[in-house]
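Welcome! Here is a short tour for anyone meeting this structure for the first time. Take a look at the sequence and the model, then read on.

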Amino acid sequence: YVNALDGLLLQGGADMSPNSYGEKPMNPAWSGDEVRDQYEIELFHEFVTQGKPVFGICRGHQVINVALGGTLYQDIATQCPTGGTHRDESKYDNCFHEMRILPGSWLSRIYPGLDVTRINTIHHQAVKDLGEGLVIEARSEPDGIVEALRWEGHSFVVGVQWHPEFMDPRDPDVIDSRPLLRAFLHACELRKRTGKATPVMSVAA
């Protein structure tokens, strides 16, 4: 699969299994999908080995962190009692909160002049301990949950906790997802054209 593809999009879906990061489920409902975890983690490592871009969305953002040795909060409400609302079943993709893009980050370069914005939020798990080589690009406000990650390694690896594919680019109240998605596609095109890996900080929208 990796030989045939230009990049990997890790999408949302079922919880990651706590077994995948060395923990036991605190609640049977949070047992996740360990088989899918193993498959996607193996895909991730082979794409990185070949220097092909990886972009993670929601669960995919968490997969990147775990694949690099990080851990997750199994449930924000339980383990982060001061955390805000990150999932509302009745609203689903119409639940939003504010996010701060960190100064000097890659996101701050592809979104110049944008410090605080709004994103959708459809998750109850979140990044806890960072995986090796990852840096935080953005946090939710005011509770500080990690909303975006970037790998400092040799190839393009970015994860976001929100769902850019669910947001209307015509809505001025939420972040415009097009620069982010264009950057991933540009990284894929560069790898295909040059045969070389490109670090995140070298890729523009």
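W106 touches several residues beyond its neighbours within four places in sequence: E137, R150, F156, V158, L180, A183, V200, M201 and V203. Keep in mind that you are looking at a predicted model.

Where does W106 belong? It is among the residues with the most contacts inside the largest nonpolar core, alongside L107, F156, V158, V160, W162 and L180. This core has 26 residues. Two or more residues each come from β2 (54-57), β4 (96-101), α4 (106-110), β9 (157-160) and α5 (178-194). The top contributor is α5, with five residues. Apart from this core lies another, of 24 residues, including Y21, F44, W151 and V157.

Now let us turn to R59, found in helix α2 (residues 59-67). Its side chain reaches the backbone oxygen of A14 at 2.9 Å. Setting aside neighbours within four places in sequence, R59 is in contact with Q11, G12, G13, A14, D15, M16, D33, R36, D37 and E40.

How many disulfides does a search of the whole structure find? It finds zero. For C80, the closest cysteine sulfur is in C58, and because the two sulfurs are 15 Å apart, they are too far for a bond.

Note on methods. Residues are numbered from 1 along each chain as its sequence is written. This is a predicted model: local features need pLDDT of at least 70, side-chain atom pairs count only at pLDDT 80 or more; totals for chains, interfaces and linings use all residues. Side-chain values use heavy atoms; hydrogens and water are left out. Helices (H or I, at least four residues) and strands (E, at least two) are DSSP runs, numbered from the N terminus. A polar contact is a pair of N or O atoms within 3.5 Å; within protein, one must be able to donate a hydrogen and the other to accept it, and residues adjacent in sequence count only if both atoms are side-chain atoms. Contact means heavy atoms within 4.5 Å. A nonpolar core is a set of buried Ala, Val, Leu, Ile, Met, Phe, Trp, Tyr and Cys residues joined through side-chain atoms within 4.5 Å. Buried means under 20% relative accessible area, exposed over 50%, partly exposed in between (1.4 Å probe, protein chains only). A disulfide is a pair of cysteine sulfur atoms within 2.5 Å.
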